[in-house]
Amino acid sequence: MQYPLFTTALSGLTLLIALSLQQPTNAAEMSLEVPLELEKPSYAAPWKRYSHSRWKRTDWKDFSNMRYERSLPIAKPHKFETPIRGNPENGKKLVNNRKRGGSCLACHIFPDASLPGNVGPDFSLIGLWGRSDERLFNYIYDPRKFNPYTVMPPWGKHKLFTKNEIKDIVSYLKTLTKASDFKTPEDNPANRPIPIETRDNLDPFENPGMFTMELGEELFTTSGPTGKSCQDCHSDENAFSTWAVTMPKFETRLNKIIGIEEFVTRHARATTGAEYLAQSEQNLGLATYLRYLANGQIIAVDDSDEKTQAAIKRGKDLTKRKIGQLNFACMDCHAMNTNKWIRGQYLVKPLGMYDHFPTYRTSRGEIWDIRKRFQWCNVSVRANELPPDAPEYGDIEIYLATFNNGRILSVPGIRH
Amino acid sequence: MSKIRLLAKTKNGTTQIKALIKHPMRGTKEGDSTPADYLREIKCTHNDKVVISAIIGTGISKNPYFSFKFKGGSKGDKLTLIWTDNQGKTGSKDTKIR
């Protein structure tokens, strides 16, 4: 009677081996059998920066971005034999000028400032600090010489202010010798109420992003040029109940991390024949809908294989890279200076940054996916952005996603 | 493409209306040749009788939300929201009071 039992065990073993052979890639990676179009870019090529709203047009090719490092060497300190005699009135104007990289008030408290930030020290009494004119000049020109961990931009070296303008600023700083009170309690960043998002992002009357989700739902059942629709293959009602919380993934054929948005473009090209280019309304619609189906699930991106781990490491390193004319790294604001203010904007931790994308931005009246958010961060620090499907953004996305593992997905989000 | 989301609920003789209109609400901007496209008027009728009419303009946000109440209205009544934009286009949506 032992013989048949042995056969059962043997056949079970064979089945196990067969199953493991069927899956050539690690579970953390995208299966090679998923039909994807692999040749064309997933966006309208060549990539062009958005021209609407507040997207600046400047080309910052002389400064580092997420693809290349071009940081200028640290400036040698300037020597001054005599005290600096600039125009303090012009200095005050420059300190308040928001067009030169956000104004000094963004990070420092000045007398009479409205909503100053508190990332840097309070300058209300800097005139009494006993700093020499030369030191103040050189610190503004390029602070990296004095403090290698500084988050302050090299204002002179990166050509945000001319030498004469910095002299004017120094002269203004020297006049700050009298204590002054804040005009309103909110002007003091220590008392400013922390913004908390209380809107119900899944209320269709509260969040216009729900229109986008509904467009995706509609497209899911719409036939493409090949006569097939998404639903023809994905007919199981629960097919996407957890899929979105396992994305993004490493895609071996493309040799990079692929996010839901790019996946939608490439998979649709290979199956229904529809063209859902990155950042198009349709692409956002499907990307939002596919996440909506997994709402309430815990984000659980698998990082168990080497390639994913390597991507996470690359992503983490990229978040430390100083980029743009303003010379900021992601971590400068979102790790070293969280819970502080940049003018009226509150800096948050990376935890909770990921689980609500694509998010409807009420300040823009648009729904943004995570890649557009990255692009906006890049342009804000005056660095050239990359196309939405850039491998570098994939690395940052998976770093952010695994960092947010355990959070609950709730899409579409709503934010200022 | 404009879409309207419309909800009307009656309680204790008062009908509450909520409306969200998908619309760019775009004014003119210097250096931008895109033509203005914004809602000029929204109107709401209850059984074909106007209960509210509002003249609006570019000061209203993109994808605007409106909420208002009127006395009367009972379950099953026909309620219509109509908008007209600056280019003369119109759109509307019907619903039944719940």
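Guide: Two residues are in contact here if their C-beta atoms, placed from the backbone, lie within 7 Å. This is a predicted model, where local features need pLDDT of at least 70, side-chain atom pairs count only at pLDDT 80 or more, and totals for chains, interfaces and linings use all residues. Residues are numbered from 1 along each chain as its sequence is written, while chains are lettered from A and ligands numbered from 1 in the order in which they are written.

Visitor: How many residues does the contact take from chain A and from chain B?

Guide: Happy to start there! On the side of chain A that touches chain B, four residues are nonpolar, one is polar and none is charged. The contact takes five residues from chain A and 10 residues from chain B.

Visitor: Is A:Gly365 buried, exposed or partly exposed?

Guide: A residue is buried with 20 or more other C-beta atoms within 10 Å of its own, exposed with 12 or fewer, and partly exposed in between. A:Gly365 has 17 C-beta neighbours inside 10 Å, so A:Gly365 counts as partly exposed.

Visitor: Which residue in S6(A) does A:Thr359 stand opposite?

Guide: Strands are DSSP runs (E, at least two residues), and two of them pair if DSSP finds at least two bridges between them. Strand S5 (residues 359-361) of chain A pairs with S6(A) in the antiparallel sense over three bridges. The residue opposite A:Thr359 in S6(A) is A:Trp368.

How values were computed
Helices (H or I, at least four residues) and strands (E, at least two) are DSSP runs, numbered from the N terminus. Ala, Val, Leu, Ile, Met, Phe, Trp, Tyr, Cys and Pro count as nonpolar, Asp, Glu, Lys and Arg as charged, and the others, Gly among them, as polar.
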